[in-house]
Amino acid sequence: MKRNTSLKFPDKVYLSGADCFHLMLDINAKKHKTGNNVVRIVFYFDSEESIQPLLKNVQESPIISWFCNITLVKGSIFQKPYWKRINEGNRIQINKHACETDKLIPKEILNRDINLNNKCLIEFDVIHYISGKTAFVLSWHHILMDGRGSGMLIRHLNNNEPVDEKTFSDFFPAKEQKISLLHYIKNMYEVKKFIETSSKAPIVSILQKENKGGSTDFKIKTLHFNLTETAKIDANAKSNGSRFGANVFLISCCAHIVNSINKQRGKTGTIWLPIPYDGRKRGGFGPIVTNCISFLFYRLPQTDLISVKDTVQSVSTQMAEQIKIEMPKKYNLLLNMMRHMPLHLYHFLVNRSGKGVVSSFLYTSAGEDIWDMNTLMNNPISDILIIPPLTFPPGLTFSFLRHNNMLKMNIVYSENTINNNELTLIELKINEILLGNY
């Protein structure tokens, strides 16, 4: 990848409404002194030589250079928050680590926070294993980009063609369309009514009331499903009514797993679950910088949790209804409007209805853009791992991805939410529900 010094870097990039939502999540992280808002993608290679061309592209990338030379201006009631280019000539640093156990991610990486005070909100690590294998780790604060944006960034780093003016401009969001204040207000009341109905108390969270957070290590458990098991899960998804891939089935299974933990704790009730929804057009490229996601909201009372099939039907129906009325688009419009609010007022309004609980648990299948990626710089990738943020509350996230047609599941959790015995129960329930005979 050749550096093009004539490229015109934008001096100002406004944050999206979804970006500002992540600013609000940072307040929660500081309040509870646990969790983070950092996403990591790990690429594994069988040799140290395989990673060198990729590292060269990282150091020469114009978008990485831009990431290293911006600062956040939080704005005011009259000014939307934005990224300001400071043009200090900062270059990306690539951290190197040695590790004895293949595929192990050292604690100094997992527990290292990237906060808004860092000089750069994106970081790269290389792990050299004694076996000769290597891992390449991309970490970033979620405010910079979403999962699909990171997939497009990886594809950019994988392309050793020069970046021209047109390509570079596509990295950034297009100019926003002007919307009347009346339309904003009308939309606000519609979405507010919908969200209040969807999240109406009482809802039950995986978070226990007596747990108030506190500093704790980042915990992650990764489960691998082989080709036979993945085929079984896909077949189970179909037999339970998940018509468009396995995603709705996986959401439903996670809801049942959480419900089992809650039952064991002696508390049952309605589960409320916001699921990220990508706002980019399918097949389109779209901006790398900024979050382009909205949410679909699912309310699952105990009557929808009698069987996995019942849950799949409920989630599918709610999804179809919300897409029909364009709720993700309307919710994004509300988020865009809220950019003009002072951040702590934003935090109060978002947390008021759920009394600080933003979800019963969290779920993501981000990273679809890299599911079919088997090489980087023509060197085979032996495995991929995506580690979502540890968001507290609720302090439990289920994350799914596929690589080489095999499903992988991450359980990211806080010890303040899930203890060792409950983690064992979760693993048993995963095998029982995902791989059951329906």
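Predicted model: local features only at pLDDT ≥ 70, side-chain atom pairs only at ≥ 80, totals over all residues.

Reader: Which strands does helix α9 lie across, and at about what angle does α9 run to β15?

Author: Helix α9 covers residues 247-264. It lies across β11, β15 and β16, and its angle to β15 is about 150°.

Reader: In what order do the four strands of the open sheet come?

Author: The pairing in this open sheet is mixed. Its edge strands, each pairing on one side only, are β8 (219-224) and β11 (362-364). Ignoring direction, neighbouring strands are turned by 15° against each other on average. Reading across, the order is β8-β16-β15-β11.

Reader: Over how many bridges do β15 and β16 pair?

Author: Strand β15 spans residues 396-403 and strand β16 spans residues 406-413. R402 stands opposite L407 in β16. The two strands pair in the antiparallel sense, and the count of bridges is eight.

**Two packed helices**

Reader: How are α7 and α11 packed, in terms of angle and distance?

Author: Two packed helices are described by the angle between their axes and the distance between the axes. Here α7 is residues 181-198 and α11 is residues 327-337. Residues of α7, including Y184, M188 and F194, meet residues of α11, among them Y331, L334 and M337. The angle is about 115°, and the axes are 9 Å apart.

Reader: Is the crossing of α7 and α11 left-handed or right-handed?

Author: Follow α7 as it passes α11. The crossing is left-handed.

**A closer look at S294**

Reader: Is S294 buried or exposed?

Author: S294 sits in strand β10 (residues 293-300). Its relative accessibility is 1%, and buried means under 20%. So S294 counts as buried.

Reader: Which residue's backbone oxygen does the side chain of S294 reach?

Author: Leaving aside neighbours within four places in sequence, S294 is in contact with I275, P276, Y277, P328, Y331 and N332. The side chain reaches a backbone oxygen at 2.7 Å, and that oxygen belongs to P328.

**The whole chain**

Reader: What share of the chain's residues count as buried?

Author: The chain has 13 helices and 16 strands. Among contacts between residues at least 6 apart in sequence, 76% join residues at least 24 apart. Of the 438 residues, the buried share is 55%.

Methods:
Residues numbered from 1 in each chain as written. Heavy atoms only, no water. Buried < 20%, exposed > 50% of the residue type's maximum accessible area, 1.4 Å probe, protein only. Polar contact = N/O pair within 3.5 Å; in protein donor to acceptor, adjacent residues only side chain to side chain. Contact = heavy atoms within 4.5 Å. Pairing = 2+ DSSP bridges. Axes fitted to C-alpha atoms, helices over the stretch in contact; angles between N-to-C directions. Left-handed = near helix turned anticlockwise from the far one by under 90°.
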